[in-house]
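This report describes selected helices, strands and residues of the structure shown below. The headings follow the topics in turn.

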Amino acid sequence: MTAVKSTAASATGLPGGGPGRKGGVRGPFGAGGGDGSAAEFVQRHGALVVLAAVLAVAALTIDGFFSVGNLNHIAVGAAFPAIIALGMTFVIITGGIDLSVGTVFALAGVLAAWASQYGSLAALALPLGVCGLIGALNGVLIAKARLAPFIVTLATMLGAWGLMLAVSDEGSETYVVPDGLALTPMVQERFLGIGYPVLLVLVLFAVGGVALRRTGWGQNLYAVGGNEDAAALMGVPVARTKISAYSLSGLLAGLAGALNAVWLGSGVTIFGIGIELDAISAVVIGGTLLAGGYGFVSGSLVGVLLLNVIQNIINGIGGLSSAFQQVVSGSFLITVVLAQNYLSRRREGN
Amino acid sequence: MTATAEQGGAGAAGPVLRTRGLTKRFPGVLALDGVDFDLSHGEVHALVGENGAGKSTLIKVLTGVYAPDGGEMRYRGEAVRFDAPLRAQQAGISTIYQEVNLIPLLSVARNLFLGREPRRFGLIDFARMHSEAAGILRDYGVDVDVTRPLQGLSMGARQMVALARAVVADARVVIMDEPTSSLEPREVETLFSVIGGLRERGITVVYVSHRLDELYRICDRVTVLRDGRVVHTGALADLDRLGLISLMLGRDAKEVERQGATTFGGPHERRAEEPVLVADGLRDRRRLHGVSLAIRPGEVLGLGGLLGSGRTETARAIAGAMPLRSGRITVAGVPLRRRSTAAAIAAGVSMLPEDRKSEGIIPELSVRENIALAAMPRLSRFGLVSERRIDRVVDVFVERLRIKSAGTRQKVAELSGGNQQKVLLARWLALDPKVLLLDEPTRGIDVGAKAEVQRLVDELAAEGLGVLLISSDLEELIEGADRVVVLKDGAVVDELSGEEVSEGALMRAIAAGDGDAAATDAAAEAAEEGSAGAEGVR
């Protein structure tokens, strides 16, 4: 480095070395640091602030909202969608989308319930294997065959749905998880008053967060989503990174579906339809950019919680149809995307 | 900067990179035709040629983006074949691309270290990464908050990050593709110092540029490509400019001399004294602080100034593509009331944007569609488009502008940069404008197309159009414009006309007051905008 140091010193010592600084300041992308940090705060913590506000309002207006039972109900209800949203976060950071997770979730539930007659291991291994494969297929078609993620995952969404129907005899057969399955207490019971699925979510998100922020794999996800061509030229294994993201998404959806079936005690065939849209909403509300290249898992967790809390509140208010939950969620989503748009435009200084 | 000892031949250790008979074929084109290319240790090697000569293809083959169809490549004495850019990088061949290829949303430090982040317990050690990044970048004259996203940096600073990244990656060969095309003069100086430092360390630099001044300042040797073949390799000092241009064009040196460096003719005859365009006191929120100018029919008005002085913004404001806080624009005596591009076009103002890729061509549409696009309302009757009229207009312009394509149904994306630019010009000329705003009309296009565009600007002015010409190329401004208005910090600081328009005068005008005072201004401006990490290249 020494040689460069010396030249750089001379570079700094150019006539008028000081004024050079203004080149950057006045350049097209020079200013805007101040705006950027405000925008970034909203992007990072906006959902959390809203969640806190909603919780506060709910606590004041709804009796028994903060009861242990109700909170646990919210947390466990959010657990399975959260697992899906984690995988979705990875995919969206690469600039993609995974529409297949909803039916993959349903398929995993049916497979797990069916396989549970052969024991806990089978109840997990079969759905995870199949769903991981579906995810990998998504990834290969998107990364290698360069098809659009929307189309590929739409196709596998239909495919997984078909598979599920085939396994469940056109949906008429509901497999029941046998009593005494070793896995059942590990899903249904609590540890220190907290349901195991909730603990699992916390562990998964902690691992996911560290993997995203602190490993080369995580950096590659951001790089691919930020600028795929540049990433390839910087030596990032683009295809492998994408395939890993979609595989993980499939795998996590499978895990969520399998655990959900064990939790319910049967493979309910209609459960999970449309859940991919909830997951996408949660991820976006959590501050991850749909365009890719920016996002974080903690935001997705907050997003899932927010959607579930809203649902819980609406259910708690008598006389309001639960259909309104979708209206509220949709309005939230639009508000968040509008805010993101506005803030990122301000950040670019236009 | 004089040539070094290694110049003109292989250094003691032999060439660091050598290709023999490198061939690359694309459907219908032989992009590289038996290229022999040698790079010595620690030389700065110019790679020149017109657009389409094969420079980009050669670079992409050398760096593993494309696989060659034939020929061999030896790197540090061993036969190699890179099947991915990563392999070439790992071997020590790095490329700084024309459009800086970094990831805007990632932090500066992460861009610098992506793929080789310092680790602790297997996880990325951010504290170390940030301190190392700041230290390295300071050596490149970039003093920024490395934890901020890269998108906050100026183009020059980004380029330095890309360069630093290459060197951090232990590069032996650094390939720079048009590195100065988006840099300001000071940033160019910094770049040249850094390149000098690389040379001292024995790192080889391949320098691709259309700017001959730069080549002669920093390059030791030159390889000229034409139609996919090497037509010349040798010391740059042995080759004068005309010789170099004639090698690139494949034309006689005398002919080049007769035509001059640009193809602009003399001053244009002004037909009327009434200006066709008057802009008065244009102000916006950040960049423009009261720009006023007037263009007469048949006049080419140059707009000079540094990057960021408000040239592009002025043109965009006139074209109705940017909101203004205040100011009046009058076209042929009629004030523009509604501020929109449609209103400006209707009034007879057409603008050729600087970035033809993102603001100009629609790559997937054909030449014909691209030309007819803006003129559609004029080419249709009762809302229905007349194919015959489109064909007529398109044919006229294809012929007049000498647009080279496989036919007017060819996709614009498949054309060379120069021809794309001509398609855009045709699009706006089809509107029969009174005023033409040209923002860097010849940037990044090859010498031949450049000459044609310049000649065309002359012709258009002669026909009575008012032309606003923005260019970073001083020669182009001097020879092309009748008058030059110089901008600085979004305001007019000087105006040169007639005999006053000379390189020296222009440089002085641009540089006027551009010293410590300006630096303080900029610092104040930065503080005002609350920019926490004032980024810049020193």
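## Conventions

Helices (H or I, at least four residues) and strands (E, at least two) are DSSP runs, numbered from the N terminus, and the expected span of a helix is 1.5 Å times one less than its number of residues. This is a predicted model, in which local features need pLDDT of at least 70 and side-chain atom pairs count only at pLDDT 80 or more, while totals for chains, interfaces and linings use all residues. Residues are numbered from 1 along each chain as its sequence is written, chains are lettered from A and ligands numbered from 1 in the order in which they are written, and side-chain values use heavy atoms, with hydrogens and water left out.

## Chain A as a whole

Chain A has 15 helices and two strands. Of its 350 residues, 52% count as buried, where buried means under 20% relative accessible area, exposed over 50%, and partly exposed in between (1.4 Å probe, protein chains only). The accessible surface of chain A comes to about 14,600 Å², and 68% of this belongs to carbon and sulfur atoms; such areas come from the Shrake-Rupley method with a 1.4 Å probe, and for residues only the protein chains shown count as cover.

Among the contacts in chain A with a separation of 6 or more, 75% are between residues 24 or more positions apart. Contact here means heavy atoms within 4.5 Å.

## Cysteines

With a disulfide taken as a pair of cysteine sulfur atoms within 2.5 Å, the count over all chains is zero.

Helix α5 of chain B (residues 155-168) has 14 residues and reaches 20 Å from first to last C-alpha, close to the 20 Å expected. Twelve of the 14 residues of α5(B) are buried, and the helix is mostly covered; among these buried residues are B:M160, B:V161, B:L163 and B:V167. The cover over the buried residues of α5(B) includes α2 (85-91), β6 (93-96), α3 (108-113), α4 (126-139), β9 and α6 of chain B. After α5(B) comes B:D170, with a positive phi near 65 degrees.

Strand β10 of chain B (residues 204-208) has five of its five residues buried. Both faces are covered, with B:T204, B:V206 and B:V208 on one side and B:V205 and B:Y207 on the other. Two strands pair if DSSP finds at least two bridges between them. Strand β3 of chain B (residues 44-48) runs parallel to β10(B) and is joined to it by four bridges; B:L47 has B:V208 as its bridge partner. Strand β9 of chain B (residues 173-177) is also parallel to β10(B), over five bridges, and B:V173 is partnered by B:T204. From β9(B) the chain crosses through helix α6 (residues 185-200) to β10(B) in a right-handed β-α-β crossover, a term that applies if, with the strands pointing away from the viewer, the path from the first strand over the helix to the second runs clockwise.

Within β10(B) lies B:V206, which is buried with a relative accessible area of 1%. Beyond its neighbours within four places in sequence, B:V206 is in contact with residues including B:F37, B:L39, B:H45, B:L47 and B:I175. The C-alpha atoms of B:V206 and B:R221, 15 residues apart along the chain, are separated by 9.6 Å.

## An antiparallel sheet in chain B

Four strands of chain B form an open antiparallel sheet in the order β14-β13-β16-β17. Strands β14 (289-295) and β17 stand at the edges with a single partner strand each, so one side of each has no neighbour in the sheet.

Strands β13 (residues 277-283) and β16 (residues 326-331) of chain B pair over five bridges, with B:A279 opposite B:I329 and B:D280 opposite B:R328. Two bridges join β16(B) to β17 (residues 334-335) of chain B, where B:T330 stands opposite B:P335. β16(B) and β17(B) form a hairpin with two residues between them, and B:A332 in the turn has a positive phi of about 50 degrees.
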